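Visitor: I am new to reading protein models. Could you show me how to begin?

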Amino acid sequence: MPRFLVRRVLGALVILLIISAVTFWLFYAVPRDPATMSCGKNCTPDMLAQIRHNLGIDHPIPVQYWEWLKGVFVGRDYAGFGHCNAPCLGYSFANRQPVLGTILDRLPLTLSLAFGSAVVFLVFGIGTGMMAAVKQGKWQDKVASSASLVASSMQIYFVGYLAMYLLVAKLDILDNPSYTPLTDDPVGWASGLMLPWLVLSLIWTANYTRMTRSQLVETLSEDYVRTARAKGLSRRNVFFRFAWRGAMGPIVTIFGIDLATLIGGAIITESVFSLQGVGRLALSSVDKSDLPMLLGVTVLSAGAIVFFNIIVDAVYALIDPRIRLA
Amino acid sequence: MSFSRRNFLIATGVAAAGTTVLSACGGSGGGSSSNDKVPSVSGAKTMNIPVGTKADSTGPAPEVPGAVKGGTIYSLDQFDMDHLDPAQIYVSTEGAITRPILRGLTGYKIDDKGGCTLIGDVATDAGTMKDGGKTWSFTIKDGIKWEDGADLSMDDVRHTFERLFASFVTEGPRYVQQWLVGGDKYKGPYSGKSLDSIEIDGKTITFHLTEARADFNYTLGMPGYGLVPKKHDTKEQYDKRPFALGPYKIGDRKIGKSLTYVRNEHWDPKTDAMRNAYPDKYLFQFGYETVASTDRYIADKGNDQYTMSIFNEVAPERTQQVLTNATLKKRVLTQVDTVTYYWPINMTRIKDVKVRQAINWAWPHQQLQTIRGGKATSELASTILSPVTPGYEHFDLYGVETKPGGDPAKAKALLKEAGKVGQKLVIAYQQSDNAVKQAVAIKNALEAAGFKVVNKQVDKTTFYTQIGKIDNGYDLFAAGWSPDWPNGYSVFFPCWSGKNIGDGRSNYAQLNDPTVNKAIDQASTIADTKAANKAWGAIDKQIMELAAVVPDYHSIRNWMYGSKVGNVVYDAGNTCVALCKLYVKK
């Protein structure tokens, strides 16, 4: 296990390095000049030169990338801001705020949204999928399958606004979506995020229902499960000791990727519910051609995916002893 | 100014006269269509913003009838403010949000009839002009204190203007830097050097300018010239946490999420003729799309009853619903804008005036208005100046009012005279749903008139960079401008003077007509407001006769608010809701 983890972490660092370099290059491949966007109404060439110097973009691109990379590991000095301690992700082109600080400020909301909705869609998705698999062919299976098909066809921007109108404006059942830190007010935290959790998890619940059902139906027809049944084990025993573990592998894999994607930012959900998470930050940094912020969010999202992939691989071995890590 | 969000400064527009500023109060009965009660820009009366007297500049500000102290005003807006350092403020929303905390030498006093007067803010009056406008002096009032109780000193006032030359100040207005004698070489106060053209004598500050500026006191009314304390000047960091002189100070700030103002206990209302301070607190909240904020205003529940918006207007998707509902319309502040959206014609490529006139005749104004959402959101333009800007003169050289759908026959006849039937036009437009639809309508109309049109879609984040290049390769492109203060100088000089042709400059049409240049230079020196306005109106007509541009439309703005927000009126100085006039209804 330790050797596995070290190998994977080193691999992850290489991947993040490549992603950051590609993002850097892609940004400059598009003909946008952050200095011009920052420059005031009566812009002059001298002012543009000054802005480029202030932003640190008056060097060749490889030098700019090297400086950024150096800042991540050992910190760096900025013309207008002094020394930025490691890990330094730079300052926003748009509002001159520290990138790392801004991302960390938005992260709790994104984590709350991701983990909260994950709990909902895992519980309901896997639970419904299990029921559908056990009751295969019966009305429970048909209802669950049809409902999940309809739900997975929906879009958050449609369901979200509809839910806001019905549940908040008209029926006043739920609060307007908002974020209160969990440590400040747990009840406020939950009530403010309840609607986004329900909407976000609606589509994912449908997907996990279908996936769980499909995996369990396949596993339940495996020879070893039939053997266990033939040996007289109870249905519950057969299901949870044998079938369940065999079916969970792919689901765990997908869940790792899905959770990492959510942590990278549920852009549409955050936009629909006016939540200021990492997703909205990514969107605005693209809109404003804010390279440091864009880089920071990209590296965070990629890092989340890589990290959860490592976790998933480790968990996989726990679920399925046939998998060897070394 | 160009129209990206960052440049959405409509800093010193002129409010229409009281009878034509339509607020939500006293709305029509039910069943009327939105078109019946839409304020007409062309029907709005242009009001000159006069210079007030010393008495006008003396506080306190007149009480708002029925207003009570207390409560919290909330806001729902899409974007946070990128800058709070006054030296970096050029966007109207940043100017508006800082009015309760920042003060300058001069400012605009709103009266209860919707009118506006230029007065002294921290100055005892709106300034004394000498040498035909090359020297300006302002005397500072007594008793003005910062949020920490320290007196506003003359060092602070000097420092405010000297720091404008610092290298980190790149986004605010540049007028003072360009006009102060020695400003071309001065690098700011941080190396210990002062600027000699700023003189202090007792409580009087005097500015020596390189050119006569009869309207310099108006220029200083811009939010970009808010005062900064020398002792608490944190340079680049000041952008995050400016020091307050106004009735409020910053209580809390969560970048991108919220900004809270609490009372500044050291503010003396007797020194302030502009601001009231009724609410105990303001809580500005960011990140709300216009549809989301409009829906919340419609629902009007909980704290949303005490909420307004600085930036967010009624969402286009809800305009019909809101403006045709008498109850909802009562909670909408509708105001005509000072901005004119237009399409400059590249004079270096389209050199024949008859061709440019043909473009004007063929233009499908009415179709474009429909695409934008109809008469509720915009009014057709036939001039460069908005009808609510001083200097505006009504004229319609190309049939905008008589043939709003365009006159292709007339256009074709002009092309024939010029021998240019089939003239190719390359038109640049931004990537957006509306822009694409408008491009199609324009192409159809111009081709019906005998042009051959090539549409070029340009990425919106680089649009103004590209059309701002001398060799941009385009014949027409969408742009727009609004005055930085209420006269024609800040419209015509940056956009139509031959001195402003160059990469990144705003004379997109690259108009360089000697008679126009001379007229602009002369109008800039006229001290008498009425005479100056007459001159600007004449320049407008002169440029339109040259057909250097196709005026498109003036915006109509609709701000919705909660039912318990009182006295929602328009701040002509910042072209937004007047924050310092609001109160919380009990």
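Guide: Start inside. This is a predicted model. Its largest nonpolar core has 96 residues. I73(B), M308(B), V568(B), V577(B) and L582(B) have the most contacts inside that core.

Visitor: Why look for a core at all?

Guide: In soluble globular proteins, nonpolar side chains tend to be buried together. Now take one case here. L582(B) touches I73(B), M308(B) and V568(B), among others. Its contacts also include Y278(B), P279(B), V565(B), G566(B) and N567(B). That list leaves out residues up to four places away in sequence.

Guide: There is also a second, separate core, of 71 residues. V99(A), L113(A), I156(A) and L275(A) are included in it.

Visitor: How many helices and strands does chain A have?

Guide: Chain A has 13 helices and two strands. Its C-alpha trace spans about 85 × 55 × 40 Å along the principal axes. Of its 326 residues, 39% count as buried.

Visitor: How do I read contacts along the chain?

Guide: Ask how far apart the partners sit in sequence. In chain A, take contacts between residues at least 6 apart. Of these, 66% join residues at least 24 apart.

Visitor: And how do I read a single helix?

Guide: An α-helix has 3.6 residues a turn, so residues three or four places apart point the same way. Then check length and bend. Helix 10 of chain A covers residues 235-264, 30 residues in total. From first C-alpha to last it reaches 40 Å, close to the 44 Å expected.

Visitor: Where does helix 10 of chain A bend?

Guide: At W244(A), by about 45°.

Visitor: What follows helix 10 of chain A?

Guide: G265(A) follows, with a positive phi near 125°.

Notes
Residues numbered from 1 in each chain as written. Chains lettered and ligands numbered in written order. Predicted model: local features only at pLDDT ≥ 70, side-chain atom pairs only at ≥ 80, totals over all residues. Helix = DSSP H or I, 4+ residues; strand = E, 2+ residues; numbered from the N terminus. Expected span 1.5 Å × (residues − 1). Bend = angle between axes of the 7 residues up to and from the residue. Core = buried A, V, L, I, M, F, W, Y, C linked by C-beta atoms within 7 Å. Buried ≥ 20, exposed ≤ 12 C-beta atoms within 10 Å, placed from the backbone. Contact = placed C-beta atoms within 7 Å.
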